[in-house]
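Dear colleague,

I am passing the structure on to you with this message, and my notes on it follow below. Please read them beside the coordinates.

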Amino acid sequence: MIPPGRFVRSGKVKDIYELDEGQLLFHFTDRVSAYDVVLPTMVPRKGEVLCKLGAYLFENLGMPNHMVRLEGDDMMVVKKMEMILVECVVRGYLYGSLMERVAKGEAKVPVQPILATKLPEPYFDPTTKSEVKDEPITEAGIVDQGRMTAGELAEVKRASFEVYGRLSERAAGAGFLLADLKLEFGRDGGASILLGDSIGPDEFRLWPTESYSTGKTQESYDKQPIRDWLSSTGYKAKLDQARKAGMPIPPPPVLPDWLVDETSRRYVAVYEALTGKSL
Ligand SMILES: Nc1ncnc2c1ncn2[C@@H]1O[C@H](COP(=O)(O)OP(=O)(O)O)[C@@H](O)[C@H]1O
Ligand SMILES: [Mg+2]
């Protein structure tokens, strides 16, 4: 199906079109990126999963949001908003870039600095929203830089914790831990702030409870198998080197069939776990 409307931009995963009446259409493609590089291989059903899971969560998390309706299997119409220039990250565990910052002494948490340790309570860890690289920002910085008023920040922070809490409960019921989550919010013209963008395995880390233990890299239900493969085949090291040297990035490899199948299987499994429905 050819998406209607005027083409606006291609993100790493979504293609965005503008419709009339202040609406956007998101086409969730089967593209997959890792380490901020779009790979040359498509992952079947990924777009459908991201679209349908996002829609399900917008409908069932009880949080005011931008969704208007679905079109077909992999397109969503949303209200066009003025986006808030902050990525609202909530973390339940010491992992990812927070672990790196703690190790470097750039951030402090009230637990031993052991990978994947559960934090005593969810931790709000916002970053700037940038085309180049998202950087951590303090709450004072958010207000000082005019990204949000203090009142908006309080509202957005509360909403972020609420979404994290509700989604964690759902995940727990299906045998998963919600390690962390990234949300975006926007201004709806009037006074209200709505949850925007999308919610899915590209925005959160989901770990099977069964295999969880601290002090190690966790098995993650998302594109983790692809990241692991890119590391083990040496592409990740070449990429890091090129980036450090300011050189063009090396062309990413075509993914083998088994890896594509496994990744697709994981995306579908996440959908089924969080919705309790089969795709
Ligand atoms: N309701 C909305 N109105 C306007 N912009 C939005 C809305 N929801 C999300 N966006 C923006 O759309 C863009 C999605 O593009 P991007 O994140 O690059 O795509 P991808 O996730 O495919 O990489 C983001 O900049 C996001 O902030
Ligand atoms: Mg995005």
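A charge is taken to sit over a ring if NZ of Lys or CZ of Arg is within 6 Å of the ring centre and within 35 degrees of the ring normal. By that rule Lys236 lies over the face of Tyr35, at 4.8 Å from the ring centre, and the charged end of Arg266 is placed over the ring of Tyr221, 4.7 Å from its centre.

This is a predicted model, in which local features need pLDDT of at least 70 and side-chain atom pairs count only at pLDDT 80 or more, while totals for chains, interfaces and linings use all residues. Residues are numbered from 1 along each chain as its sequence is written, chains are lettered from A and ligands numbered from 1 in the order in which they are written, and side-chain values use heavy atoms, with hydrogens and water left out.

On aromatic contacts, rings of Phe, Tyr and Trp (its six-membered ring) pair if their centres lie within 6.5 Å, and planes under 30 degrees apart count as stacked, over 60 as edge-to-face and the rest as tilted. The structure holds 8 aromatic pairs. In the pair of Trp207 and Tyr212 the ring centres are 6.0 Å apart and the planes stand at 15°, so the pair is stacked. Trp207 is buried, with a relative accessible area of 0%, whereas Tyr212 is partly exposed at 24%; here buried means under 20% relative accessible area, exposed over 50%, and partly exposed in between (1.4 Å probe, protein chains only). Tyr93, Tyr95, Trp207 and Tyr212 form one aromatic cluster.

A salt bridge is a side-chain nitrogen of Lys or Arg within 4 Å of a carboxyl oxygen of Asp or Glu, and by this rule the count comes to 29. Glu87 forms one with Lys182, their closest N and O atoms being 3.8 Å apart. Glu87 lies in strand β9 (residues 86–93) and Lys182 in strand β12 (residues 176–183), so the pair ties together parts that are 95 residues apart in sequence; helices (H or I, at least four residues) and strands (E, at least two) are DSSP runs, numbered from the N terminus. Both Glu87 and Lys182 are buried. Another salt bridge joins Glu71 to Arg69 (3.0 Å, N to O), where Glu71 is buried at 18% relative accessible area and Arg69 is partly exposed at 37%.

With kind regards
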